[in-house]
Amino acid sequence: MVDLQAQYLRIKEEIDAAIQNVLNSTAFIQGPQVQEFAEALAKHSDNTNVIPCANGTDALQIAMMAMEFKVGDEIILPVHTYVATAEVIALLGLTPVFVDVDEKTFTIDSAQIENKITSRTVAIVPVHLYGQCADMESILTIAAKHKLVVIEDVAQALGAEFKFSNEEVKKAGTIGLIGTTSFFPSKNLGCYGDGGAIFTHDKELARKMRMIANHGQQIKYHHDVIGINSRLDTLQAAILLVKLNYLTDYTQRRNKVADFYDENLKDCQFIETPFRSPQSTHAYHQYTLKVKTIDRDHFKKYLESKGIPTMIYYPVPLHLQKAYKKDGFGEGSFPVTEKLSKTVISLPIHTEMTESELVYICEQIKAYPQHA
Ligand SMILES: *Cc1c(COP(=O)(O)O)cnc(C)c1O
């Protein structure tokens, strides 16, 4: 699905030097590269404030801790997402309130959000799934009307941009009050282990989140708020400092792969290529097809037999997971998400794909014996 080795080899010298530098300094925790990376990423992100942390899940948790939501407060999120989004809500004693997604964009169906708002609702967490922004314009309007906080989960969409109807363009993660992202190795900006970051334009909130990520202290051994241990390692920051210079190039490379798939699979009647939203550029963390007239799992096995890896994001919707099941929400509660869980399939997409690999994959897809 990704070729992290080829990606590393292309920038090996720079990466090795950056790592060696940290080894020589032995400043493994809070070395200068952490702050340097935060500043570089802030510059890259419309000069917002950046708080590095240990991973994308913690980023969400720190954001919600900083908002001081109370036990039982309700957080609205899409039911078609990675588990981390719901997990931190539940961990903090908050109540995840699922909303179905739009069948075309795979992101939260903004038309269904207001139905789910109650007097306990405090926030909306849109997830820019697969790399394309959710309908942020409607979400911001709803949030403003009901005085809700918007926390964008940008773990899959770093590098994407949203275009408002007044032509204003904003980077994913800098649109809501807070944005959170992940540097998990396979993410669009991946480090060589775990890493994450939080974005906010609000300076005071940034200061608070920086404290929470570091045991609630600003001055060592003076704990003003309850915090957690969630720092970005210096080694990872050094790696990210190098790789950030390539993020725009990486995004373009992914887009080229997507363009190739779109063009070469457009006449394939039994699948549907991903929708391109006029409101958002796409970072193509995933290139996710929907099967129409064929059995998805049979198609997956067929591609596997041809040496083509595929993935299903996600095979079991959150409301049907043992850990997140709630009375009254069984099979049929979120029909679009349930359908997607049976029809989506993601093809390999990464920065190192060659034309011959792409030609081969498309040929094999087109040759699929539909009635086998
Ligand atoms: C990867 C991911 C996360 C979590 O990031 P980690 O760094 O793995 O903790 C959260 N939300 C979404 C949508 C993700 O894809």
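This is a predicted model: local features need pLDDT of at least 70, side-chain atom pairs count only at pLDDT 80 or more; totals for chains, interfaces and linings use all residues.
Reader: How much space lies in the second largest pocket, and which residues are closest to its centre?

Author: The volume is about 440 Å³. The lining has 22 residues, and Gln30, Arg210, Asn214, Gln217 and Arg231 come closest to the centre. By class, the lining holds 11 nonpolar, 7 polar and 4 charged residues.

Reader: Take α7. Which of its residues are buried?

Author: Check accessibility residue by residue, then ask what lies over the buried ones. In α7, Leu205, Ala206, Met209, Met211, Ile212 and Ala213 are buried. Their cover includes β1, α4, β8 (178-182), β9 (196-200) and β10.

Reader: What caps the N-terminal end of α7, and what follows the helix?

Author: Look at side chains at the start and backbone angles at the end. Aspartate 202 is the cap, with a side-chain oxygen 3.0 Å from the backbone nitrogen of glutamate 204. After α7 comes histidine 215, with a positive phi near 60°.

Reader: Now the largest pocket. How much space does it hold, and which residues are closest to its centre?

Author: About 580 Å³. Its lining has 31 residues, with Tyr82, Gln156, Phe184, Lys187 and Tyr314 closest to the centre. The classes are 17 nonpolar, 11 polar and 3 charged.

Reader: Which domains and helices contribute to that lining?

Author: Domain 1 (4-99 + 106-244) and domain 2 (247-370) each give at least three residues. Helices α4 (56-66) and α5 (83-91) each supply at least two.

Notes:
Residues are numbered from 1 along each chain as its sequence is written. Side-chain values use heavy atoms; hydrogens and water are left out. On a 1 Å grid over the protein atoms alone, a cavity is a set of points where a 1.4 Å probe fits but cannot get out, and a pocket is an open set with protein on both sides within 12 Å along at least five of seven lines; lining residues have an atom within 4 Å of a point. Grid points are joined across faces, edges and corners, and a volume is the space filled by probe spheres set on the points. Helices (H or I, at least four residues) and strands (E, at least two) are DSSP runs, numbered from the N terminus. Ala, Val, Leu, Ile, Met, Phe, Trp, Tyr, Cys and Pro count as nonpolar, Asp, Glu, Lys and Arg as charged, and the others, Gly among them, as polar. Domain bounds come from an automatic or database domain assignment. Buried means under 20% relative accessible area, exposed over 50%, partly exposed in between (1.4 Å probe, protein chains only). Contact means heavy atoms within 4.5 Å. A polar contact is a pair of N or O atoms within 3.5 Å; within protein, one must be able to donate a hydrogen and the other to accept it, and residues adjacent in sequence count only if both atoms are side-chain atoms.
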